[in-house]
Amino acid sequence: MAITLSTLLESAPLHLHPLTAMGPAAEKPIQWAAVTELENPAPFLGGGEVVLTTGLRQKTAAAQAAFVDRVRDAGALALGYGTGLTHAKVPAAVVRRAEELGLPVFEVPYETPFVAITRMIAEAIAADHLGRLERLLHGHQQLAAALLGGGGLHGLLHELSRLLGTAVALDQYGARIYGPEPGQERWHEVAIATGFTDRCVLSIAEPYGHDGLVDYAQGLLGVELASQARLRESRRIAAGQVLQDLARGSLEGQDAALRLTSVGIGTSAPLAVLLVEAVGHPRALRTLPLPPALASAAGALVEDRLAVVLATEDAEPVARELDAFLHGAGVPSRVAFGGSYVQAKGLRWSYFEALEALRHGERVNRPSRLSLTSLLLAAHDVPLAALAKEALHPLEDFDSVHSADLMSTLRTYLELDGSVGAVADRMGLHRNTVRYRLQQVSDLSGYDPSNTADRVQLWLALAARDIQ
């Protein structure tokens, strides 16, 4: 700590004599010492100084009182008056006016040069500055050790809280990932740059010392969070490849169990799959952290969707918590979940259930009984996309040119189990118009909607088109 006014006055070698009460200024640190013989030194003072003068130009009581006024108005901490040169003793007008203003005044005897006072203050300030640098360097080392020594992010934040002597908290994507929930405390917020639009903020409970330690912690946190995001992405890509192979049926038995274990997915307990489909922000799912309830779950990237595999017998509460977290993080999305099953085959089944549930289009989608259609659509070795293009592209082209509504008529016909009358009623058409359109569908696509086998082909083509 820099030297205080009371410490300066108590220094025996200086022989300083206080002439007024020191008051609250006694324990304030001295910012600097200013030696002046100007009538108005105020433009050259910054506040908190000890002003030293011999009163060379202060010939009258009025000039002496005015000098005290200007020194006090400039924010000086105290006035040191040298005697034995211009004045045999400190002028009474100086002492009187200083007492009125509450400005401490002390006498500097002839034997004490001003340079001795300025040297003592300068050395104290230098020592204080050096001490702060040493403490800051030590704090930097402690924060780095807490982060790299196994404590990770939480270890770093815990150490920062200890060093600052106050509570700290960290929020990312709108969720608190460390520290107490907001209470009555007044928080100072510091933005953390991670390279992602994650609204990451470090909050520090006031009061605390605003020093370079926080700046250093700010940088460490940014680097660590960015590193964690890249690690999450690489792990999700690796796990996604395994889950894709499992879904395609190219991974079975012991090989499936071993590869799942290698990416952190055990197969002994019942497992459920949660699928997240981001609406307009698919890349956000690559690095987005999961909420605390899913901290131990494995994430996998499968075709721009995030699959979360967790050991549970009821995935719905977790799916709803994940949905709330995603929307709070500013990532509009749909969440679906499958049932809970054991072993690799069960995990594959849960994935297909979640994939079909996503087609319901709700924010949180519950699984329903799997259909043969959904399993065919999930099989990558079945050329359903080509079938859909071959069957439906001529209809879409015809509609775009003639506004014939062949696609909507076909879809309605299939949804209403092939009832021409029901289609006519729903669409407000004559039955002959419906029959004419269906004939156009047959002519253009090569599939007759009135034929059961062709109707199945057209249904699959529409389903494949819907999920592309």
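Which helix gives the most to the lining of the largest cavity? In this predicted model, that element is helix 5, residues 212-248, which contributes three residues to the lining.

**View 1. The largest cavity and the residues around it.** The structure holds one cavity of 30 Å³ or more, and the volume of the largest cavity is about 30 Å³. Its lining is made up of Gln172, Tyr173, Phe196, Asp198, Leu225, Ala229, Arg232 and Thr287. Sorted by class, these lining residues comprise four nonpolar, two polar and two charged residues, with helix 5 giving the most.

View 2. Five strands form an open sheet in the order 11-12-10-13-14, and their pairing is mixed. Strand 11 and strand 14, the latter spanning residues 364-365, are the edge strands, each of them pairing on one side only. Strand 13 (residues 333-337) runs parallel to strand 14, and two bridges join them; here alanine 336 has asparagine 365 of strand 14 as its bridge partner.

View 3. Strand 12, which covers residues 305-311, is mostly covered, since six of its seven residues are buried.

**View 4. Arginine 305 within strand 12.** Arginine 305 is found in strand 12 and counts as buried because its relative accessibility is 14%, below the 20% limit for that class. Leaving aside residues up to four places away in sequence, arginine 305 touches Leu275, Val276, Glu277, Leu285, Ala300, Leu355 and Leu358.

**View 5. The largest nonpolar core.** This core has 26 residues, and those with the most contacts inside it are Leu243, Val273, Leu275, Leu347 and Tyr351. At least two residues of the core come from each of helix 5, helix 6 (253-262), strand 10, strand 11, strand 12 and helix 9 (343-358). Helix 9 gives the most, with eight residues. Leucine 243 touches Ala300, Val302, Ala307, Leu347 and Tyr351 when residues up to four places away in sequence are not counted. A second, separate core has 25 residues, including Tyr173, Ala175, Leu285 and Leu310.

**View 6. Alanine 144 in helix 4.** Alanine 144 has its place in helix 4, which spans residues 114-164. Alanine 144 is classed as buried because its relative accessible area is 19%, where the class requires a value under 20%. Apart from residues up to four places away in sequence, alanine 144 touches Gly149, Tyr216 and Leu220. Glycine 179 lies 35 residues from alanine 144 along the chain, and the C-alpha atoms of these two residues are separated by 19 Å.

Terms used: Residues are numbered from 1 along each chain as its sequence is written. This is a predicted model: local features need pLDDT of at least 70, side-chain atom pairs count only at pLDDT 80 or more; totals for chains, interfaces and linings use all residues. Side-chain values use heavy atoms; hydrogens and water are left out. On a 1 Å grid over the protein atoms alone, a cavity is a set of points where a 1.4 Å probe fits but cannot get out, and a pocket is an open set with protein on both sides within 12 Å along at least five of seven lines; lining residues have an atom within 4 Å of a point. Grid points are joined across faces, edges and corners, and a volume is the space filled by probe spheres set on the points. Helices (H or I, at least four residues) and strands (E, at least two) are DSSP runs, numbered from the N terminus. Ala, Val, Leu, Ile, Met, Phe, Trp, Tyr, Cys and Pro count as nonpolar, Asp, Glu, Lys and Arg as charged, and the others, Gly among them, as polar. Buried means under 20% relative accessible area, exposed over 50%, partly exposed in between (1.4 Å probe, protein chains only). A nonpolar core is a set of buried Ala, Val, Leu, Ile, Met, Phe, Trp, Tyr and Cys residues joined through side-chain atoms within 4.5 Å. Contact means heavy atoms within 4.5 Å. Two strands pair if DSSP finds at least two bridges between them.
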